[in-house]
Amino acid sequence: MSPAMQAAEEHAAPATAAGIRLQQMRRRVRLGRWGVWAAVSAGPIALAVAVATPATVVRAAPATKPTTVKTTAGANPSGYATVFLGAWLRSRAGAESTAQSRLAQSMAPDVDLPGTVDAQPESVVAVRSVQQTGTAWSVTVAAQYADGSVRYFAVPVVADSGGTSFTVSGAPGVVAGPARAAGVQSPYTVTVPTDSEVSSAAGEFLAAYLAGAGEVDRYLAPGVRLSPVSPAPYQTVTVQQMLAADQEAAAEAVPAEGTRVRVMAEVEARDGSGRWPLAYELTLKVRSGRWEVASLESGTAQAGGARS
């Protein structure tokens with residue numbers, strides 16, 4: 001290679017390297033400018049996004065008031081007095097270690113035990129309770145003995161303000177029994193013939209209900225649910241007398257659709273031990289020309305039971 005060409009190549013090489021470095025510098029400058037513009041433009045965009053997005057406000061939960069549980073002051077202590085008197089009448093002074101004596105003393109620590117040997121009651125039941133003050137009660141309890149005699153005791157009881165705790169505050173006192181109240185006039189004043197359709201419907205229903213003579217459901221009006229007494233306590237049930245509260249409906253030979261009548265059915269039920277006179281209040285309703293039981297007022301009404 002000639003000296004001239006060699007010199008030209010040496011001069012060209014540095015120029016090429018310098019050009020490459022110059023291009024790299026320009027590229028870095030352009031990238032730097034793009035980064036600056038991106039940073040500048042990000043501000044307005046971020047601001048626009050922040051304005052367009054609904055602000056989430058976190059509110060403090062309102063202070064809740066404590067739930068107030070109301071209790072019934074002076075709850076009736078009849079059951080408490082009944083349990084005490086039963087234990088007291090079956091306990092004896094000098095025999096404080098017996099179960100009945102311990103029970104009586106735990107319920108009335110300041111009351112002495114009886115010191116006589118008397119017949120123990122067959123049953124004890126509360127018949128009347130009177131609230132004398134806010135927490136003081138007097139409960140009349142009847143004690144029935146094997147010879148059929150009944151003795152009444154007034155038991156003083158004190159309850160706490162919430163009616164959840166009781167104590168017998170003094171010795172029982174023997175008192176006269178409650179007077180017999182005058183009877184109210186019965187609304188059932190019309191005698192219905194026992195061979196009438198009303199009597200037949202009531203009798204057949206009660207025979208199914210008490211003696212298992214057929215299905216109860218076939219005698220019930222739509223929507224009425226009533227389970228028979230189970231196991232059936234009687235062998236036969238027959239109507240002895242039927243009294244109606246509605247004279248006009250009971251007297252109709254062919255009552256209109258939807259006619260209702262309230263009746264008192266006095267029946268005789270028989271089992272292996274003999275006869276039982278019973279009475280049931282029924283409401284019957286006419287549907288498709290026949291009487292159906294719309295409600296049974298007597299007896300224990302349970303969910304989906306005695307009433308329509």
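**View 1. Aromatic pairs in the predicted model, with Tyr80 and Phe166 in the centre.** The structure, a predicted model, holds 3 aromatic pairs. Tyr80 and Phe166 make up a tilted pair, with 5.6 Å from centre to centre and 45 degrees between the planes. This pair links distant parts of the chain: Tyr80 belongs to helix 2 (residues 78-89) and Phe166 to strand 4 (residues 166-168), 86 residues apart. Phe166 counts as partly exposed because its relative accessibility is 23%, and buried would require a value under 20%.

**View 2. The aromatic pair Phe205 and Tyr209.** The rings of Phe205 and Tyr209 are stacked, at 5.7 Å centre to centre and with 15 degrees between the planes. The angle counts as stacked because it falls under 30 degrees. Both residues sit in helix 4 (residues 197-211), and because they are 4 residues apart, about one helical turn separates them. In an α-helix, residues three or four places apart point the same way, because there are 3.6 residues a turn. Phe205 is buried, with a relative accessible area of 0%. Tyr209 is buried at 9%.

**View 3. Helix 4 and its cover.** Helix 4 has 15 residues and reaches 20 Å from its first C-alpha to its last, close to the 21 Å expected at 1.5 Å a residue. The helix is mostly covered, with 12 of its 15 residues buried. Among the buried residues are Val198, Ala201, Ala202, Gly203, Leu206 and Leu210. The cover over the buried residues of helix 4 includes strand 6, strand 7, strand 8, strand 9 and strand 10. Just after the helix, Gly212 takes a positive phi of about 70 degrees.

View 4. Ser199 is found in helix 4. Is this residue, Ser199, buried or exposed? Ser199 is buried, with a relative accessible area of 2%. Leaving aside residues up to four places away in sequence, Ser199 touches Val192, Pro193, Thr194, Val239 and Met242.

**View 5. The largest nonpolar core.** Nonpolar side chains in soluble globular proteins tend to be buried together. The largest nonpolar core of this model has 35 residues, and those with the most contacts inside it are Phe205, Leu206, Tyr209, Val237, Val263 and Leu282. Two or more residues each come from strand 6 (190-192), helix 4, strand 7 (236-244), strand 8 (260-271), strand 9 (274-287) and strand 10 (290-296). Helix 4 gives the largest share of this core, 10 residues. Val263 touches Tyr188, Val198, Met242, Leu243, Ala244, Tyr280, Glu281, Leu282 and Leu284, not counting residues up to four places away in sequence.

**View 6. The second core and helix 2.** A second, separate core of 20 residues includes Trp88, Met107, Val141 and Val155. Trp88 is one of the buried residues of helix 2, which include Phe84, Leu85 and Leu89. In total, 9 of the 12 residues of helix 2 are buried, and the helix is mostly covered. What covers the buried residues includes helix 3 (99-107), strand 1 (123-131), strand 2, strand 3 and strand 4. The end C-alpha atoms of helix 2 are 16 Å apart, in agreement with the 16 Å that its 12 residues should span at 1.5 Å a residue.

View 7. Gly148 lies in the loop between strand 2 (136-144) and strand 3 (150-159). Gly148 is partly exposed, with a relative accessible area of 48%. A distance of 9.3 Å separates the C-alpha atoms of Gly148 and Glu122, which are 26 residues apart along the chain. Pro231 is placed in the loop between helix 4 and strand 7, and the peptide bond from Ser230 to Pro231 is cis, with omega near -5 degrees. Ser288 is found in the loop between strand 9 and strand 10. The phi of Ser288 is near 55 degrees, a positive value in a residue other than glycine. Ser288 is exposed, with a relative accessible area of 60%.

View 8. The protein averages a pLDDT of 78, and 69% of the residues score at least 70. Over residues 7-18, pLDDT stays under 50, and the model has 1 contact beyond four places in sequence for this segment. Over residues 44-74, pLDDT also stays under 50, and the model has 11 contacts beyond four places in sequence there.

Key
Residues are numbered from 1 along each chain as its sequence is written. This is a predicted model: local features need pLDDT of at least 70, side-chain atom pairs count only at pLDDT 80 or more; totals for chains, interfaces and linings use all residues. Side-chain values use heavy atoms; hydrogens and water are left out. Rings of Phe, Tyr and Trp (its six-membered ring) pair if their centres lie within 6.5 Å; planes under 30 degrees apart count as stacked, over 60 as edge-to-face and the rest as tilted. Buried means under 20% relative accessible area, exposed over 50%, partly exposed in between (1.4 Å probe, protein chains only). Contact means heavy atoms within 4.5 Å. A nonpolar core is a set of buried Ala, Val, Leu, Ile, Met, Phe, Trp, Tyr and Cys residues joined through side-chain atoms within 4.5 Å. pLDDT is the predictor's confidence in each residue, from 0 to 100. The expected span of a helix is 1.5 Å times one less than its number of residues.
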